[in-house]
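Work through the exercises below with the sequence and the 3D view open. Try each task before reading its solution.

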Amino acid sequence: MKPNIGIAPKDLKKSADILTSILSNEMILYVKTRKFHWNISGNSFMELHKLFEEQYGVLETIIDEVAERINQLGEKTIGTMTEFIGNSTLKEFPKMYPSQKEMLSELLENHEQVITEFRKYIPTFENENHDIGSADFITGLLEQHEKMSWILRRYLS
(Lines give C-alpha, C1' and ligand atoms only; values in the text may rest on other atoms or scores of the structure.)
Protein backbone atom coordinates (compact mmCIF):
# COMPACT_ATOMS: atom_id res chain seq x y z
CA MET A 1 0.00 0.00 0.00
CA LYS A 2 1.38 3.40 -1.02
CA PRO A 3 1.57 6.16 1.58
CA ASN A 4 -1.06 8.91 1.49
CA ILE A 5 0.99 11.65 3.19
CA GLY A 6 0.28 14.72 1.06
CA ILE A 7 3.07 14.10 -1.45
CA ALA A 8 2.25 13.09 -5.02
CA PRO A 9 3.32 9.53 -5.93
CA LYS A 10 5.74 10.81 -8.58
CA ASP A 11 7.39 13.08 -5.99
CA LEU A 12 7.62 10.21 -3.50
CA LYS A 13 9.41 8.21 -6.19
CA LYS A 14 11.80 11.07 -6.96
CA SER A 15 12.63 11.43 -3.26
CA ALA A 16 13.18 7.68 -2.95
CA ASP A 17 15.50 7.74 -5.97
CA ILE A 18 17.63 10.45 -4.36
CA LEU A 19 17.63 8.50 -1.11
CA THR A 20 18.78 5.41 -3.02
CA SER A 21 21.82 7.35 -4.24
CA ILE A 22 22.44 8.55 -0.68
CA LEU A 23 22.11 5.00 0.65
CA SER A 24 24.57 3.77 -1.96
CA ASN A 25 27.14 6.41 -1.04
CA GLU A 26 26.71 5.64 2.64
CA MET A 27 27.31 1.96 1.95
CA ILE A 28 30.44 2.63 -0.12
CA LEU A 29 31.76 4.95 2.59
CA TYR A 30 30.95 2.35 5.27
CA VAL A 31 32.81 -0.43 3.43
CA LYS A 32 35.77 1.85 2.73
CA THR A 33 35.97 2.96 6.38
CA ARG A 34 35.77 -0.65 7.50
CA LYS A 35 38.55 -1.63 5.06
CA PHE A 36 40.75 1.13 6.43
CA HIS A 37 39.95 0.00 10.00
CA TRP A 38 41.17 -3.49 9.11
CA ASN A 39 44.29 -2.33 7.29
CA ILE A 40 45.56 0.65 9.29
CA SER A 41 49.16 0.34 10.51
CA GLY A 42 52.02 2.48 11.74
CA ASN A 43 52.09 5.35 14.23
CA SER A 44 48.71 6.08 15.80
CA PHE A 45 47.55 2.59 14.77
CA MET A 46 45.24 2.01 17.75
CA GLU A 47 43.90 5.56 17.76
CA LEU A 48 42.98 5.45 14.07
CA HIS A 49 41.76 1.85 14.34
CA LYS A 50 39.29 3.01 17.02
CA LEU A 51 38.38 6.19 15.12
CA PHE A 52 37.51 4.24 11.99
CA GLU A 53 35.50 1.77 14.08
CA GLU A 54 33.55 4.61 15.64
CA GLN A 55 32.88 6.19 12.25
CA TYR A 56 31.76 2.99 10.54
CA GLY A 57 29.41 2.47 13.50
CA VAL A 58 27.83 5.86 12.82
CA LEU A 59 27.61 5.03 9.12
CA GLU A 60 25.95 1.70 9.89
CA THR A 61 23.18 3.50 11.77
CA ILE A 62 22.82 6.04 8.96
CA ILE A 63 22.52 3.24 6.39
CA ASP A 64 19.67 1.63 8.29
CA GLU A 65 17.86 4.95 8.73
CA VAL A 66 18.15 5.85 5.03
CA ALA A 67 16.91 2.40 4.00
CA GLU A 68 13.92 2.76 6.31
CA ARG A 69 13.19 6.26 4.98
CA ILE A 70 12.98 4.83 1.46
CA ASN A 71 10.45 2.29 2.74
CA GLN A 72 8.50 5.02 4.53
CA LEU A 73 8.06 6.71 1.15
CA GLY A 74 6.55 3.52 -0.24
CA GLU A 75 9.49 2.19 -2.25
CA LYS A 76 11.65 -0.91 -1.99
CA THR A 77 15.22 -0.56 -0.77
CA ILE A 78 18.09 -1.94 -2.83
CA GLY A 79 20.42 -4.32 -1.04
CA THR A 80 23.22 -5.75 -3.17
CA MET A 81 26.75 -4.44 -3.63
CA THR A 82 26.15 -4.33 -7.39
CA GLU A 83 23.16 -2.04 -6.85
CA PHE A 84 25.03 0.13 -4.36
CA ILE A 85 28.01 0.55 -6.71
CA GLY A 86 25.68 1.32 -9.62
CA ASN A 87 23.84 4.03 -7.68
CA SER A 88 26.84 5.60 -5.92
CA THR A 89 28.72 8.73 -6.90
CA LEU A 90 31.67 7.73 -4.67
CA LYS A 91 34.47 5.66 -6.16
CA GLU A 92 36.09 2.49 -4.87
CA PHE A 93 39.74 1.58 -5.30
CA PRO A 94 40.05 -2.21 -5.15
CA LYS A 95 43.40 -3.75 -4.23
CA MET A 96 44.70 -0.35 -3.07
CA TYR A 97 46.06 -0.06 0.46
CA PRO A 98 46.85 3.59 1.09
CA SER A 99 49.03 5.09 3.82
CA GLN A 100 47.45 6.52 6.97
CA LYS A 101 47.46 10.03 5.53
CA GLU A 102 45.98 8.82 2.25
CA MET A 103 43.24 6.92 4.14
CA LEU A 104 42.35 10.03 6.13
CA SER A 105 42.41 12.20 2.98
CA GLU A 106 40.23 9.80 1.00
CA LEU A 107 37.65 9.50 3.75
CA LEU A 108 37.62 13.28 4.21
CA GLU A 109 37.13 13.82 0.46
CA ASN A 110 34.27 11.29 0.43
CA HIS A 111 32.52 12.87 3.42
CA GLU A 112 32.89 16.32 1.89
CA GLN A 113 31.48 15.07 -1.42
CA VAL A 114 28.48 13.59 0.40
CA ILE A 115 27.96 16.87 2.30
CA THR A 116 28.09 18.88 -0.93
CA GLU A 117 25.56 16.54 -2.57
CA PHE A 118 23.24 16.79 0.47
CA ARG A 119 23.28 20.59 0.16
CA LYS A 120 22.03 20.21 -3.43
CA TYR A 121 19.40 17.58 -2.50
CA ILE A 122 17.78 19.53 0.34
CA PRO A 123 16.19 22.22 -1.90
CA THR A 124 15.09 19.48 -4.32
CA PHE A 125 13.32 17.62 -1.50
CA GLU A 126 11.71 20.84 -0.26
CA ASN A 127 10.85 22.76 -3.42
CA GLU A 128 10.43 20.15 -6.15
CA ASN A 129 9.27 17.03 -4.28
CA HIS A 130 7.39 18.85 -1.49
CA ASP A 131 9.06 16.40 0.92
CA ILE A 132 10.00 18.41 3.98
CA GLY A 133 10.48 15.22 6.01
CA SER A 134 13.29 14.00 3.77
CA ALA A 135 14.84 17.48 3.65
CA ASP A 136 14.92 17.56 7.45
CA PHE A 137 16.18 13.98 7.63
CA ILE A 138 19.05 14.71 5.22
CA THR A 139 19.93 17.89 7.13
CA GLY A 140 20.50 15.72 10.20
CA LEU A 141 22.71 13.35 8.21
CA LEU A 142 24.63 16.31 6.80
CA GLU A 143 25.46 17.40 10.35
CA GLN A 144 26.79 13.93 11.20
CA HIS A 145 29.01 13.94 8.12
CA GLU A 146 30.23 17.45 8.96
CA LYS A 147 31.33 16.19 12.38
CA MET A 148 33.12 13.14 10.94
CA SER A 149 34.79 15.43 8.36
CA TRP A 150 35.92 17.83 11.05
CA ILE A 151 37.58 15.01 13.00
CA LEU A 152 39.34 13.66 9.89
CA ARG A 153 40.41 17.17 8.89
CA ARG A 154 42.03 17.69 12.31
CA TYR A 155 44.27 14.68 11.76
CA LEU A 156 45.45 16.18 8.48
CA SER A 157 46.05 19.71 9.85
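Rings of Phe, Tyr and Trp (its six-membered ring) pair if their centres lie within 6.5 Å; planes under 30 degrees apart count as stacked, over 60 as edge-to-face and the rest as tilted. This is a predicted model: local features need pLDDT of at least 70, side-chain atom pairs count only at pLDDT 80 or more, and totals for chains, interfaces and linings use all residues. Residues are numbered from 1 along each chain as its sequence is written, and side-chain values use heavy atoms, with hydrogens and water left out.

**Exercise 1. Aromatic pairs**

Find the aromatic pairs, then classify each by its geometry.

Solution. 
- Step 1. Apply the ring rule. The count comes to two aromatic pairs.
- Step 2. Take Y30 and Y56. Their ring centres are 5.9 Å apart and their planes stand at 90°, so this pair is edge-to-face.
- Step 3. Y30 sits in helix α1 and Y56 in helix α2, 26 residues apart. Helices here are DSSP runs (H or I, at least four residues), numbered from the N terminus.
- Step 4. Check burial. Y30 and Y56 are both buried. The scale is relative accessible area with a 1.4 Å probe, protein chains only: buried is under 20%, exposed over 50%, partly exposed in between.
- Step 5. Take F36 and F52. This pair is tilted, with 6.4 Å centre to centre and 50° between the planes. F36 belongs to helix α1 and F52 to helix α2, 16 residues apart. Both are buried.

**Exercise 2. Salt bridges**

How many salt bridges does the whole structure hold? Locate some of them.

Solution. 
- Step 1. Set the cut-off. A side-chain nitrogen of Lys or Arg must lie within 4 Å of a carboxyl oxygen of Asp or Glu.
- Step 2. Search the whole structure. Eight salt bridges turn up.
- Step 3. Look at K2 and E75. Their side chains meet at 3.2 Å, N to O. K2 lies in the segment before α1 and E75 in the loop between α2 and α3 (81-87), so the pair ties together parts 73 residues apart in sequence. K2 is exposed, at 54% relative accessible area.
- Step 4. Look at D17 and K13. They meet at 2.7 Å, N to O. Both lie in helix α1, four residues apart, about one turn of the helix. D17 is partly exposed at 39%, and K13 is partly exposed at 38%.
- Step 5. Look at K32 and E106. The closest N and O atoms are 2.8 Å apart. K32 is in helix α1 and E106 in helix α4, 74 residues apart. K32 is buried, at 7%. E106 also counts as buried, at 15%.

**Exercise 3. The nonpolar core**

Which residues have the most contacts inside the largest nonpolar core?

Solution. 
- Step 1. Define the set. A core joins buried Ala, Val, Leu, Ile, Met, Phe, Trp, Tyr and Cys residues through side-chain atoms within 4.5 Å.
- Step 2. The largest core has 45 residues, and L19, I22, L23, F52, V66, F118 and I138 have the most contacts inside it.
- Step 3. Assign elements. Two or more residues each come from α1, α2 (45-72), α4 (100-128) and α5 (132-156). Helix α1 gives the most, with eleven.
- Step 4. Zoom in on V66. Leaving out residues up to four places away in sequence, V66 touches L19, I22, L23, F137 and L141. Contact means heavy atoms within 4.5 Å.
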